[in-house]
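Take a look at the structure first, and then we will walk through it together.

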Amino acid sequence: MSQITILRNTITKPVGKNYEICELAYKTDEGKAKGMKILSFVAPEIFKIAKTAEVGDVFDVGFKQSDKGFWEFNSMVKAATKADAGVPAKKTTGESST
């Protein structure tokens with residue numbers, strides 16, 4: 001199991017196709033930037049989770065190698081939110097609203 005932090009999440013639907021592609025850019029535990037494409041018809045459960053990922057979200061993921069030799073997620077569980085990951089969720093001014 002590894003932990004990743006989402007850097008970018010792009011959802012596209014190829015023209016004339018009935019599926020979507022989720023392209024995740026993420027940072028690994030070791031600080032390396034990597035990417036993964038998740039197709040909605042290949043891994044529907046992983047796709048549902050990945051589709052909702054936001055920049056700064058942290059996930060615990062498992063990897064497996066496909067029959068064609070490509071690495072893919074075989075598990076994905078949200079571990080932390082933006083605030084938990086050290087990314088400010090909202091800028092504050094220090095002023096009270098009362």
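Which strands each supply at least two residues of the lining of the largest pocket? They are β3 (33–39) and β5 (71–80). Before going on, please note that this is a predicted model, where local features need pLDDT of at least 70 and side-chain atom pairs count only at pLDDT 80 or more, while totals for chains, interfaces and linings use all residues. Residues are numbered from 1 along each chain as its sequence is written, and side-chain values use heavy atoms, with hydrogens and water left out.

## The overall layout

The protein has one helix and five strands. Here helices (H or I, at least four residues) and strands (E, at least two) are DSSP runs, numbered from the N terminus.

The protein has 98 residues, and 26% of them are buried. Buried means under 20% relative accessible area, exposed means over 50%, and partly exposed is in between (1.4 Å probe, protein chains only). Contact means heavy atoms within 4.5 Å. Among contacts between residues at least 6 apart in sequence, 43% join residues at least 24 apart.

## The largest pocket

Rolling a probe the size of a water molecule over the atoms shows where empty space is left. On a 1 Å grid over the protein atoms alone, a pocket is an open set of points where a 1.4 Å probe fits, with protein on both sides within 12 Å along at least five of seven lines; lining residues have an atom within 4 Å of a point. The volume is the space filled by probe spheres set on the points, which are joined across faces, edges and corners.

The largest pocket holds about 290 Å³ of space. It is lined by 13 residues, and the closest to its centre are K37, L39, V42, S66 and E72. Strand β3 gives the largest share of this lining, with four residues. Sorted by class, the lining has nine nonpolar, one polar and three charged residues.

Let us look at L39, one of the residues closest to the pocket centre. L39 sits in strand β3 and counts as partly exposed, at 25% relative accessibility. Leaving aside neighbours within four places in sequence, L39 is in contact with Y19, E20, I21 and F47. L39 and K13 are 26 residues apart in sequence and 9.8 Å apart in space, C-alpha to C-alpha.

## The nonpolar core

In soluble globular proteins, nonpolar side chains tend to be buried together. A nonpolar core is a set of buried Ala, Val, Leu, Ile, Met, Phe, Trp, Tyr and Cys residues joined through side-chain atoms within 4.5 Å. The largest such core here has 15 residues, of which I4, L24, I38, F59, F73 and M76 touch the most other members. At least two residues of this core come from each of β1 (2–12), β2 (21–27), β3, α1 (44–51), β4 (58–65) and β5.

Which residues does F73 contact, leaving aside its neighbours within four places in sequence? They are I4, L24, Y26, M36, I38, I46, V61, G62 and F63.

## Salt bridges

Side chains of opposite charge can pair when their charged atoms come close. A salt bridge is a side-chain nitrogen of Lys or Arg within 4 Å of a carboxyl oxygen of Asp or Glu. The whole structure has four salt bridges, including those in this table.

| Salt bridge | N to O distance |
|---|---|
| E45 and K48 | 3.6 Å |
| K78 and D57 | 3.5 Å |
| E72 and K64 | 3.7 Å |

E45 and K48 are three residues apart in helix α1, so about one helical turn separates them. E45 is exposed, with a relative accessible area of 54%, and K48 is exposed too, at 53%.

For the next pair, K78 lies in strand β5 and D57 in the loop between α1 and β4, so the pair ties together parts that are 21 residues apart in sequence.

In the remaining pair of the table, E72 is partly exposed at 23% relative accessibility, and K64 is partly exposed at 39%.

Note on methods
Ala, Val, Leu, Ile, Met, Phe, Trp, Tyr, Cys and Pro count as nonpolar, Asp, Glu, Lys and Arg as charged, and the others, Gly among them, as polar.
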